[in-house]
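Please look at the sequence and the structure side by side while reading this report.

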Amino acid sequence: MGVEKTDPNAYPRHASKGEFSDVSDHDDGESSQGPPRRTLQRKLKNRHIAMISIGGVIGTGLFVGTANALMYGGPIGLLLGYMVMGSIVYCVMVTLGEMVAFLPIPGGHIKLAERFVDPAFSFTMGWNYWYNWTIVSEISAAAILINYWNKTVNNSVWVVMCLVVVLTINMLGAGAYGEAEFVFASIKVITITGLIILGIVIDLGGGPNHDRIGFRYWKNPGPFAQYDGISGAKGRFLGWWAVLTQAAFSFIGTEIVAIAAGEAKNPRRTLPKAIRRVYIRILLFYIGGTLVIGLLVPSNNPLLKLNSGTAQSPFVIAIETAGIKSLPSIINACLLTSAWSASSSDLYTASRAVYGLAASGNAPKFFLKTTRNGLPYVAVLFCAAFSLLAFMAVSKGAGNVFQWFSNMTAIAGLMTWFGISVTYLRFYKGMQVQGIDRKTLPYYTNLQPYAAWWGVVSTLTVCFFSGWSVFLNGKWSTATFVTNYILLAAWPVMYFGARLYYRTKPVAPEDMDFKSDLAEIAADSYDEPPPKNRLEAFWQWLIELEHDTTE
């Protein structure tokens, strides 16, 4: 659906610069005027961006959160919920891809909102995005996974262990984060691919018990679950709708490529390719994974209930039921690395969001402080402090805390997608008014502006009805209501409050800035060097093969 341009000379070079210049390649970050100022540096390589885009944020939403989703929606409800959310994600990503491939600047879509919508909108998007990634749902999920082996040790031990791993990776800088994510994401991709293949084998009777399951569980207990015992089409519809919020949590983070753009090498070549890989993640990992889960585990299995204290990943349940020894522990260990990986991505993204806010004047300037190697250490430590909220898993139970945090993360993520879609509609309007041909951009798609409109309408609808279950008779839950609606209510308060405080107004299409930073971005574009060894040659072949197959 998308078209990619790869010639860096095809784009105009402008001498003008915005109020925040693009990332420098100099080690010390010195500017030609004034005192030295250190900034983020482009240290994320092609393979880092590629693997981050494919598997960087595949985490506990898919491996653990699908347990509740299957219980609520049944196998068909689960699959349809992920398909609908997958369509939203794809539209948001091609929308974001067109903007960020053209302007891969620090702050990503937060800075783009300032240029094309309104500084107050950028303020709102930025703090919403920071809130999204500061929520530590993945660490509480890690406690659930470790409890599979040992329920006698206090959860605080596992929380501390995860925090040490995540903070260490991020304090080593973007290069170390990229390498760690390359390894972790590779493990996740191999794991989910292997689980899908193993699931098909088990379903066809290839397990030790030789039980050919087929579509048995689609017949009994049935293709859809009756939500909360509500009979008829209403109960089935409500079950399917309950899947959407959890599915959103699983997909949240796909847009991390935009935040990583400010630290990506050769961004105009790597980012369009990364955006094009989104469909692989949606079709293979999420749609394929949920299909297999629905085949192997009945929706009435008591181990699916995350707040039961005995919850397990649906994949582990299926393998244990098939009678495969030792493998459940191996798979659980792989799923644990995915929780560490996703937590690391959370901290990386939150810290860069704060950095982008500071660059826009929407957060204190001390968040712009970096080391000589370009690490925004103040932002990293500030965001890491909020990870201590994961200790709630000690007193409230890891399953309950994971559900609360996943609700909060899902709504914040959906509002981020809403903001990205609104920003693109303004970007699209500005291009039209200023007579800029979108076909000259590094990446564009013929789906616009319809894809962006689908993103706006669908995300708001899912958010508005996300906490409907608390309004059922006798089902009121203050915790569920607050975690589902606090951010939806805060969004207009932050936006209009910022407009009043900063006395801003929306940017007129004819005044939109499509020129600043282009010279620096074009200077960062170059032809990829030839591979140095067979491993690099294989990787380059794989990337180019994937690119060719998506033309």
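## Terms and basis

A crossing of two helices is called left-handed if the near helix is turned anticlockwise from the far one by less than a right angle, and right-handed if clockwise. Helices (H or I, at least four residues) and strands (E, at least two) are DSSP runs, numbered from the N terminus.

The model is a predicted one, in which local features need pLDDT of at least 70 and side-chain atom pairs count only at pLDDT 80 or more, whereas totals for chains, interfaces and linings use all residues. Residues are numbered from 1 along each chain as its sequence is written, and side-chain values use heavy atoms, with hydrogens and water left out.

## The chain as a whole

The secondary structure of the chain comes to 21 helices and two strands. Of its 551 residues, 61% are buried, where buried means under 20% relative accessible area, exposed over 50% and partly exposed in between, with a 1.4 Å probe and protein chains only. Among the contacts in the chain with a separation of 6 or more, 82% are between residues 24 or more positions apart, a contact being heavy atoms within 4.5 Å.

## Two helix pairs

Helix 7 (residues 174–203) and helix 14 (residues 327–359) have axes that come within 9 Å and cross at roughly 140°. Helix 7 is therefore oblique to helix 14; angles under 35 degrees count as roughly parallel, over 145 as roughly antiparallel, 65 to 115 as roughly perpendicular and the rest as oblique. The axes are lines fitted to C-alpha atoms, for helices over the stretch in contact, and the angles run from 0 to 180 degrees between N-to-C directions. The crossing of helix 7 past helix 14 is left-handed, and the residues of this contact divide into 13 nonpolar, six polar and three charged. In this classification Ala, Val, Leu, Ile, Met, Phe, Trp, Tyr, Cys and Pro count as nonpolar, Asp, Glu, Lys and Arg as charged, and the others, Gly among them, as polar.

Helix 4 (residues 119–134) packs with helix 19 (residues 478–502) at an angle of about 145°, their axes being 8 Å apart, and helix 4 passes helix 19 in a right-handed crossing. Residues making the contact include Phe121, Phe123, Trp127 and Tyr131 of helix 4, together with Trp491, Met494, Tyr495 and Arg499 of helix 19. By class, the contact of helix 4 with helix 19 has 13 nonpolar, two polar and one charged residues.

## Buried sites within helices

Helix 13 (residues 314–321) is largely enclosed by the rest of the structure, because six of its eight residues are buried. These buried residues are Pro314, Phe315, Val316, Ile317, Ala318 and Ile319. Just after helix 13, Gly323 takes a positive phi of about 85°.

Thr290 is placed in helix 12 (residues 278–296) and, at 0% relative accessibility, counts as buried. Its side chain reaches the backbone oxygen of Ile287 at 3.1 Å. Not counting residues up to four places away in sequence, Thr290 touches Thr66, Leu78, Leu79 and Tyr82. Cys162, which lies in helix 6 (residues 155–171), also counts as buried, at 1% relative accessibility. Leaving aside neighbours within four places in sequence, Cys162 is in contact with Ile139, Ala142 and Trp340. Cys162 and Ala390 are 228 residues apart in sequence, and their C-alpha atoms are 10.0 Å apart in space.

Most residues other than glycine have a negative phi, and most peptide bonds are trans. The bond from Gln448 to Pro449 is cis, with omega near 5°, and Pro449 lies in the loop between strand 2 (443–445) and helix 18 (450–464).

His210 has a positive phi of about 55° although it is not a glycine. His210 is found in the loop between helix 7 and helix 8, where its relative accessible area of 61% makes it exposed. Arg503 likewise is not a glycine and has a positive phi of about 55°. Arg503 is placed in the loop between helix 19 and helix 20 (518–523), and it is exposed, with a relative accessible area of 76%.

Note on methods. A polar contact is a pair of N or O atoms within 3.5 Å; within protein, one must be able to donate a hydrogen and the other to accept it, and residues adjacent in sequence count only if both atoms are side-chain atoms.
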